[in-house]
Amino acid sequence: MKYFILFFIFSFFGVGIEVFFSSIHDYIRYKDIAFKGRSYLWMFPLYGSLGLIIEPLYNSIKFIPFLLRGFIYLLIIIAGEFIYGYILKLIIKKCPWEYKTKWTIMGIVKLSYLPFWLIFGYLSELLYRGFISVTIY
């Protein structure tokens, strides 16, 4: 039951962060005062899977200094985004978030987002630590 709950918590957390980020991005870039964020339903399982791996990952690296932990989270997030995006390209012939800019990995991972993924990794750790502090698990 715990992993079912973590899956949904992280799914909604990730999609919510993405919607927030995209609305801020569009305001800065296009001056869109509507603050309409967006995400893809395809992202729900990707963010949810983070909820499934965060416990063993956190327990194995919690004694490592934060900066190194952040880079571990960053690498796992990038690898997950790439693998999932590549699988979607194979199955549905398209990666829904395909990037057209210069600094990408096969159009699936945008390298300019690396600092944001680092922050997201730390926020995910904080979410998990909050979860375990208020539950009986």
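Okay, ground rules, quickly. It's a predicted model, so local features need pLDDT of at least 70 and side-chain atom pairs count only at pLDDT 80 or more, while totals for chains, interfaces and linings use all residues. Numbering starts from 1 along each chain as its sequence is written, and side-chain values use heavy atoms, with hydrogens and water left out.

Helices first. When I say helix or strand, I mean DSSP runs numbered from the N terminus: H or I with at least four residues for helices, E with at least two for strands. Two packed helices get described by the angle between their axes and the distance between those axes. The axes here are lines fitted to C-alpha atoms, for helices over the stretch in contact, and the angles run from 0 to 180 degrees between N-to-C directions.

So, α2 and α3. Helix α3 covers residues 66-92, and it packs on α2 at about 150°, axes 11 Å apart. That makes the two roughly antiparallel; the scheme is under 35 degrees for roughly parallel, over 145 for roughly antiparallel, 65 to 115 for roughly perpendicular, and oblique for the rest. The crossing is right-handed, and a crossing gets that name if the near helix is turned clockwise from the far one by less than a right angle, left-handed if anticlockwise. From α2 the contact includes I53, I54, L57 and Y58, and α3 brings I72, Y73 and I76 among others. Contact, by the way, means heavy atoms within 4.5 Å. By class, that contact has 11 nonpolar, 1 polar and 2 charged residues. For those classes, Ala, Val, Leu, Ile, Met, Phe, Trp, Tyr, Cys and Pro are nonpolar, Asp, Glu, Lys and Arg are charged, and the others, Gly among them, are polar.

Next, α1 against α4. Helix α1 is residues 2-30, and its axis comes within 11 Å of the α4 axis, crossing at roughly 145°. This crossing is right-handed too. On the α1 side you'll find K2, I5, L6 and I9, among others, meeting α4 residues including F116, F120, Y128 and F131. The count is 13 nonpolar, 2 polar and 1 charged.

And how do α3 and α4 sit, as an angle and an axis distance? About 105°, with the axes 8 Å apart, and therefore roughly perpendicular. Among the α3 residues in that contact are Y73, L74 and I77, and α4 supplies W117, G121 and E125, among others. The tally there is 11 nonpolar, 2 polar and 4 charged.

Now some individual residues. Is G121 buried or exposed? Buried, at 1% relative accessible area; the cut-offs are under 20% for buried, over 50% for exposed, and partly exposed in between, using a 1.4 Å probe on protein chains only. G121 is in α4, residues 114-134. Skipping neighbours within four places in sequence, G121 touches Y73 and I77.

Y73 also turns up with Y58. Y58 is in α2 and buried at 12%. Outside its four-place neighbourhood, Y58 is in contact with Y73, E125, Y128 and R129.

E55 is in α2 as well, which spans residues 43-61. Which residues does E55 contact, leaving aside neighbours within four places in sequence? K2, Y3 and Y128. With K2 there's a side-chain polar contact of 2.6 Å. A polar contact is a pair of N or O atoms within 3.5 Å; within protein, one must be able to donate a hydrogen and the other to accept it, and residues adjacent in sequence count only if both atoms are side-chain atoms. And E55 is buried, at 14% relative accessible area.

Over in α1 there's S22, buried at 7%. A polar atom of the S22 side chain lies 3.1 Å from the backbone oxygen of V19. Beyond four places in sequence, S22 contacts G37 and R38.

Last bit, backbone. Most residues other than glycine have a negative phi. F35 isn't a glycine, and its phi is positive, about 50°. F35 sits in the loop between α1 and α2, partly exposed at 40%. M106, also not a glycine, has a positive phi of about 55°. You'll find M106 in the loop between β1 (104-105) and β2 (109-110).
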